[in-house]
Every structure is written in structure tokens, then in C-alpha cells.
Amino acid sequence: MMTSADADLIRVLADPLRLRIVDLLAHETLCTTHLVEETGARQTNLSNHLKVLRDAGIVETEPCGRFTYYRLRPDVIAALAGRFTELAETARTTAETGRKRAC
């Protein structure tokens with residue numbers, strides 16, 4: 001069952017730039033400079049989006065000298081994907097049984 005926390009994660013990931021950041025971080029750990037180069041976003045805009053992703057628990061940081069590296073937390077993405085898998089299975093079962101509520 002989807003929870004309000006799941007809905008919050010979906011809202012965070014609904015932004016195209018944040019989704020692009022997540023996609024990039026799925027492939028490698030990157031610093032802000034790398035993310036600016038890859039996305040073309042301004043550093044301040046990117047930092048704001050990274051803060052949202054950090055606050056949601058989707059990414060974590062790793063300080064490295066004067067740089068901060070970001071890495072995706074795959075467990076968070078996997079848990080959300082699991083909820084969608086459960087939802088799809090429920091819908092499939094419902095469709096197969098023809099279950100519907102009477103008016």
C-alpha cells in the first residue's frame with residue numbers, strides 16, 4: 001500500500017531535473033561540479049535540488065576536501081519500486097478476477 005511518505009518521494013522525483021540527477025547518480029558518485037556539467041543547470045539551482053533530494057533521503061553526501069560528492073541511496077529507490085510492483089500485482093489480480101464494487 002502506498003503511504004504518504006511514498007507520495008512525498010514521488011513528488012520529489014516528479015521534477016525533471018531531480019529525476020535527471022537521480023539517473024546520473026545511479027551510474028556514479030558525482031560532485032556538484034560534475035552535475036553542473038552534465039545537466040547544464042546553474043550551480044545554485046542544482047544545489048537547491050540536491051538539498052531536496054537529501055532531505056527526502058534519496059541521496060547522501062560524502063565530503064572530500066572542498067568538494068561534496070553525492071551518491072544515490074538504492075535502498076530508497078528499491079523500496080519505492082517495490083511499492084509500485086505490489087500495486088501492479090494487485091491491479092493484475094483485480095483485473096483477472098473481474099472484481100468490481102456494485103453501485
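Here come the stops, one selection at a time.

Before you click, know that this is a predicted model, where local features need pLDDT of at least 70, side-chain atom pairs count only at pLDDT 80 or more, and totals for chains, interfaces and linings use all residues. Residues are numbered from 1 along each chain as its sequence is written, and side-chain values use heavy atoms, with hydrogens and water left out.

**Two helices.** Select residues 16-27, helix α2, and residues 32-39, helix α3. (Helices are DSSP runs of H or I, at least four residues, numbered from the N terminus.) These two pack at an angle of about 115 degrees, with axes 11 Å apart; axes are lines fitted to C-alpha atoms over the stretch in contact, and angles run from 0 to 180 degrees between N-to-C directions. Now show side chains: L17, R20, I21, L24 and L25 of α2 meet L35, E38 and T39 of α3. Contact here means heavy atoms within 4.5 Å.

**H49.** Next, pick H49 in helix α4, residues 43-55. Is H49 buried or exposed? It's buried, because its relative accessible area is 11% (buried is under 20%, exposed over 50%, partly exposed in between, with a 1.4 Å probe and protein chains only). Setting aside neighbours within four places in sequence, H49 touches D15, L17, R18 and I21.

**L87.** Hop to L87 in helix α5, residues 74-97. L87 is partly exposed, at 46% relative accessible area.

**K100.** Finish in the segment after α5, where K100 sits. K100 counts as exposed because its relative accessibility is 76%.
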